[in-house]
Structures are given as structure tokens and as C-alpha cells.
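Hello,

Here is the structure for you to look at. My notes on it follow below.

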Number of protein chains: 2
Amino acid sequence: MLPVVVVHGGAGIVPRERSEKSTSGVCSAARAAYAILQGGGSSMDAVVEAVIQLEKNPTFNAGCGSVLNAKGDVEMDALVMDGKTLSSGAVSAVRYIANPIQLARLVMEETSHACLTAEGANQFAQAMGVPEIPQESLITEYSRMRWIKNLAPGANPVESQMGKMGTVGAVAVDSEGNISCATSTGGMLNKMEGRVGDTSCIGSGGYADNNLGAVSTTGAGEAIMKVTLARLILFHMERGQSVEAASDLGLAYMKSRVGGLGGVVTVDPQGHWAARFSSLQMVWAAAQKDTLHYGLYTGEHFTQSIDDQH
Amino acid sequence: MLPVVVVHGGAGIVPRERSEKSTSGVCSAARAAYAILQGGGSSMDAVVEAVIQLEKNPTFNAGCGSVLNAKGDVEMDALVMDGKTLSSGAVSAVRYIANPIQLARLVMEETSHACLTAEGANQFAQAMGVPEIPQESLITEYSRMRWIKNLAPGANPVESQMGKMGTVGAVAVDSEGNISCATSTGGMLNKMEGRVGDTSCIGSGGYADNNLGAVSTTGAGEAIMKVTLARLILFHMERGQSVEAASDLGLAYMKSRVGGLGGVVTVDPQGHWAARFSSLQMVWAAAQKDTLHYGLYTGEHFTQSIDDQH
């Protein structure tokens with residue numbers, strides 16, 4: 001059953017014209033991460049590689065392609081967690097960085113802290129030699145168009161937000177049984193400056209524990225925080241629920257208790273995995289035993305050989 | 001059994017010359033919060049009032065009296081959570097504010113977000129009419145002395161940090177059964193600029209749920225985050241553990257799994273409460289049925305009539 005990696009590209013409603021790009025993006029990311037695992041790489045290397053690919057891909061709301069805040073700027077959140085030590089690294093409201101997930105990993109590996117925010121995160125990036133890039137290189141035509149649209153009188157940013165929540169993330173178990181998660185996002189469309197959502201918040205945006213498994217979440221960030229969704233799902237697994245049942249229980253509770261929709265990718269130490277969501281869609285892909293699995297709508301589950309290029 | 005409020009002034013080692021001030025500070029805060037509850041006020045009003053008092057008190061590491069970061073600046077984190085709706089509000093790395101806990105409450109009540117960080121949090125404060133104050137008014141002689149001491153060659157900021165971790169917090173249940181928590185801190189001595197610890201992280205620095213209870217935490221921040229200590233304790237309570245047993249189980253797990261020490265104040269919906277810690281000391285006070293309870297060392301539990309001025 002090991003190794004395994006499961007990737008998501010966000011829960012919400014993927015516009016039809018973007019669905020193919022979204023699907024091929026997560027499939028490529030899952031393939032790249034799986035190649036690392038097959039080569040004996042760690043689950044941390046695998047999830048970070050998957051997320052880097054999605055941050056670089058302008059289709060997703062993370063890195064290049066991030067949504068813009070109320071001022072038209074890009075502020076990004078990211079989190080990694082190592083299930084062996086329970087160490088985590090996060091950045092919140094960071095700017096001018098191509099790959100926030102790499103910076104989050106550096107916070108975990110090179111500091112005694114678990115999260116650096118805003119200007120302090122950028123200073124750390126500079127100290128680590130991570131290049132600062134022009135904000136323009138993170139902004140796509142599409143994200144600027146959506147931002148402008150939401151400034152118009154009568155616009156409904158909340159409704160628009162539901163249309164594309166492409167936070168990205170991955171969970172993996174490597175051949176040695178080490179488990180990791182990674183999540184990265186541009187956050188919420190037209191958010192206030194300095195808004196920090198679930199992604200960089202340990203237990204909400206993600207959690208990994210070699211004894212239990214790992215979860216990476218996406219969806220209505222503030223609702224995810226209210227129920228600490230990632231940790232909640234792992235508590236259900238600790239009580240004997242399967243990855244599917246635990247994921248569904250967590251998402252159903254979030255919907256009934258606080259009215260929030262979202263999605264998750266989940267693994268357990270044995271390599272069982274799930275990609276579940278309460279939103280209309282979530283684009284996801286998984287790689288295990290040389291097979292690539294992927295889907296977008298509820299109930300969709302396509303498979304192909306890992307070597308076939310889709 | 002209702003109403004009840006439990007307050008802490010930080011886990012760690014309280015220097016002897018500061019122990020009396022610490023004890024009288026948490027007792028005053030518990031009395032003020034209890035008066036609100038007895039007057040029919042909400043648990044949210046009560047926990048915020050308790051924390052405001054401790055933020056204003058220079059003895060504690062929150063608001064005035066906050067420890068200084070590596071650059072000699074004050075950056076503060078705070079969190080409130082409403083157990084009825086699971087709504088929360090937080091600020092992280094905020095500057096120039098007398099009472100971060102009030103700003104955290106405004107984030108919860110006046111925005112659609114759950115956390116604002118750094119400059120964005122200060123912009124929000126300005127928009128809300130919260131006055132900006134000079135940084136000097138948050139810095140005590142004591143905190144500056146400790147900062148300078150830790151810049152000296154051969155200094156050990158980590159060891160020094162263990163000496164005073166005066167994060168403050170409170171949990172309460174009001175007469176209507178509504179449960180709230182609040183936590184506020186200056187963070188970790190000589191921390192990097194932009195470091196965000198457990199305090200503003202929902203599920204780590206605190207959690208409140210009318211169905212389960214509430215916890216506010218203090219201690220080794222990064223260890224608290226690794227185990228999402230507040231949420232972990234509430235899961236133990238959900239499985240039938242008492243407030244004491246659940247608190248001890250959470251703290252023991254944190255110690256054995258990740259080597260971290262800390263303390264918590266915990267309540268359940270019936271009004272059972274606990275103040276437990278794995279550190280050498282935690283200054284705490286509780287008010288219930290017109291009795292004030294307080295202590296500092298393990299096993300200490302003094303009581304007096306709520307009306308007696310200590």
C-alpha cells in the first residue's frame with residue numbers, strides 16, 4: 001500500500017473552461033510527488049514538490065494565480081507538518097515569494113518557531129536567500145479580472161468566492177511510514193489586508209501524525225477553523241473510523257454545525273487514502289501502486305497507469 | 001455550579017519577588033470577571049474583562065509587560081472564541097495596542113474573518129477607532145532588562161524563557177450556559193520578528209464549544225501547537241474524561257511526545273473547572289459560588305470568600 005500521495009487543487013466550483021487544466025495540474029503534481037516516493041524520497045519531499053508544482057501553475061489559487069486581497073495585493077499562507085516529530089512550519093500573509101510552501105518548510109527546519117507572519121516572514125526569506133519577486137509575476141489576468149469585478153457596485157464577493165477556492169495541498173506516506181502534509185493558498189478573494197485563514201493554522205489547514213495519518217483541507221477557511229477540521233478528522237480515525245468515514249464525518253459536522261463547505265485529502269499509516277468533499281467539486285489526484293486516480297465531481301473516480309500521460 | 005470563571009497568568013517559573021504580584025493580579029482579574037457574570041453578563045464579557053486586566057498589569061507577559069522580540073520590539077498575539085457559534089477572533093504580531101484581546105474580539109464581531117495579522121491588524125484597529133499607543137508604554141524596565149541580558153555573549157534565551165512565560169488567559173461559563181475563552185501574550189522572549197505562537201492559533205492557544213467546554217493554554221508555544229493542546233483536551237472530555245483528567249492527559253501527552261511543558265485552565269458545560277500544569281508553577285485563580293480559589297505551585301489550592309480583599 002506504501003508509498004502513496006494524494007493531492008488537491010481546491011474545493012468549490014471549478015468553471016467548465018478551467019476544469020481540464022485543473023485536472024491535469026493535480027495529476028502532474030501527484031505524478032511528480034509519486035516519482036520522489038518511488039525513488040526512496042521522504043513524504044515531506046513529496047508533498048512539498050506537489051505543492052510547488054501547483055503554486056507555479058497559474059490555474060490554482062496559490063503562488064502564481066493567487067486571488068487578490070481588497071487592495072489588489074497578493075498575500076499568501078502556507079503550512080507543512082512532519083508526522084514523525086509533529087514539527088510544523090508556516091508562513092502567513094507573506095508577499096513577493098514564488099513558493100510559500102518552501103518558505104514554510106524553512107521555518108520548520110531552520111528556526112525554533114512554527115510560524116512567521118507578514119514582514120517578518122519576508123525578512124526571514126531574505127536571510128535564507130529566497131529571492132523576492134515582483135508582485136506582478138504572481139498575478140494572472142484572471143485573478144485581476146475577478147478582483148475588478150468584485151469592486152463593482154452590486155458585486156457579491158462572497159458568492160464569487162464560492163466559485164473558486166483553489167487552495168492546494170497534499171498528504172503522503174513514504175516507504176518508511178513517515179507521513180507529511182502541505183497546504184498553500186492565496187486565501188480568500190477580496191479579503192482584508194492581513195487576513196489569515198485556515199491554511200497556515202495547524203490543525204485547521206492540515207495536520208500530520210505518523211501514528212494517525214494526515215489531512216490537508218480546502219474550502220470555507222473560517223468554517224474550517226471553527227471546527228479545526230484536519231485535527232477533527234484524525235480524532236475520528238483515532239477512534240477507529242476509516243479515512244473515508246472520518247473525512248465525511250468531519251465535513252458533515254462542519255456543514256451542520258457552522259454551515260461551511262469544503263474538502264479534504266486524507267491518508268492513514270497503512271496507506272489507505274480518501275479525497276472527500278461537501279462542495280460541488282474538488283479537483284484531486286492520488287498515486288499508489290503505479291496507478292493514478294483522479295476526479296472532480298462527487299463520485300468521479302478515474303484511474304490510469306501512472307506512466308500514461310493524460 | 002454556574003457561573004464560573006478560571007484565569008491564568010502563565011505557566012513556567014515565577015521569580016519569588018514577583019509571585020505575590022502575580023497571585024494578586026489573577027485574583028483581581030477573576031473577581032472582576034465574576035462580578036460581570038453575577039450581574040448577568042456573558043461569558044465573553046467576563047473572559048475579555050479578565051484578560052484586559054492582566055494585559056494592563058505590567059507583571060504579566062501580555063499587553064503592557066510583554067516580552068521583547070529579537071529587535072527589542074513588542075509584537076502581541078491574542079484570541080477569543082465563542083462556544084455558542086464557534087466563532088473566533090484573533091490578532092497576531094500586532095503592535096502599538098494596549099489591549100490586543102479587545103481587538104481580537106472586534107475581528108470576531110466586525111469582520112467576516114477569524115484572524116488579522118501584523119500591519120493589517122493595525123490598519124483594522126485604526127478603522128475601528130482603537131487608539132495607537134507608543135511602544136514605550138508597553139515596555140517595562142523588567143522586560144527591557146531581560147532583553148538586554150539575552151543579547152549578552154553566552155546568554156541562553158531559551159533557558160531564560162523558561163523562567164517567565166506569563167501568557168494570560170481565561171475561560172468562563174455564564175448563567176445561560178454559554179462558554180468562552182480568551183488568551184493573550186507578548187509571546188516568547190527574543191523571538192524572531194513576525195513569530196506567531198500558539199496563542200492566536202485556534203485549537204492551540206484556546207478553544208470553546210458550548211457542547212464540550214473551554215480551554216485556555218500557556219507554556220511552550222511551539223509544543224502546544226504540535227499537539228493542538230486546547231482541542232486535544234476537549235476531545236478527551238468528549239470521550240468522558242473529567243476536566244482534571246482530560247487536562248492532565250493532554251499535558252502528559254505534550255510532555256512525552258514532544259517534550260513540552262505548559263499549563264491550562266479548563267471548564268465544562270456543568271461548571272466543573274480545573275487549573276493544571278506540568279511546569280513548575282502556574283499562577284491561577286477561579287471564582288464560583290462566591291468563593292475565590294487560587295494557587296501557584298503544584299497542589300496549592302487556597303480559598304477565600306469572593307468579597308475578601310487579599
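How many of the ten residues of helix 8 (residues 229-238) of chain B are buried? Nine of the ten are, and the helix is mostly covered. Buried here means under 20% relative accessible area, exposed means over 50%, and partly exposed lies in between, with a 1.4 Å probe and protein chains only. Helices (H or I, at least four residues) and strands (E, at least two) are DSSP runs, numbered from the N terminus.

Before going on, note that this is a predicted model, in which local features need pLDDT of at least 70 and side-chain atom pairs count only at pLDDT 80 or more, while totals for chains, interfaces and linings use all residues. Residues are numbered from 1 along each chain as its sequence is written, chains are lettered from A and ligands numbered from 1 in the order in which they are written, and side-chain values use heavy atoms, with hydrogens and water left out.

Helix 8 of chain B

The buried residues of this helix are Leu229(B), Ala230(B), Arg231(B), Leu232(B), Ile233(B), Leu234(B), Phe235(B), His236(B) and Met237(B). Part of their cover comes from the other chain: helix 8 of chain A is included. From chain B itself, the cover includes strand 7 (206-209), strand 8 (213-219), helix 7 (221-226), helix 9 (243-258) and strand 9 (262-267). Just after the helix, Gly240(B) takes a positive phi of about 105 degrees.

Helices 8 and 9 of chain A

In chain A, helix 8 (residues 229-238) packs against helix 9 (residues 243-258) at an angle of about 135 degrees, with the axes 8 Å apart. Axes are lines fitted to C-alpha atoms, for helices over the stretch in contact, and angles run from 0 to 180 degrees between N-to-C directions. The two helices of chain A are therefore oblique to each other; under 35 degrees counts as roughly parallel, over 145 as roughly antiparallel, 65 to 115 as roughly perpendicular and the rest as oblique. Contact means heavy atoms within 4.5 Å. On the helix 8 side of chain A, the residues that meet helix 9 are Leu229(A), Leu232(A), Ile233(A), His236(A) and Met237(A). Their partners in helix 9 include Val243(A), Ala246(A), Leu249(A) and Met254(A).

Thr167(A) is in the loop between helix 6 (157-162) and strand 5 (168-173) of chain A. Its relative accessible area is 9%, so Thr167(A) is buried. Leaving aside neighbours within four places in sequence, the residues in contact with Thr167(A) include His8(A), Asn61(A), Thr183(A) and Thr217(A).

Asn69(B) sits in the loop between helix 2 (43-56) and strand 2 (76-82) of chain B. Asn69(B) is buried, because its relative accessibility is 0%.

Backbone exceptions

Most residues other than glycine have a negative phi, and most peptide bonds are trans. Tyr96(B), not a glycine, has a positive phi of about 60 degrees; Tyr96(B) is partly exposed at 29% relative accessibility. Asp290(B) also has a positive phi of about 60 degrees, and lies in the loop between strand 11 (281-288) and strand 12 (291-297) of chain B. A cis peptide bond joins Leu2(A) and Pro3(A), and the bond from Leu2(B) to Pro3(B) is cis, with omega near 0 degrees.

Regards
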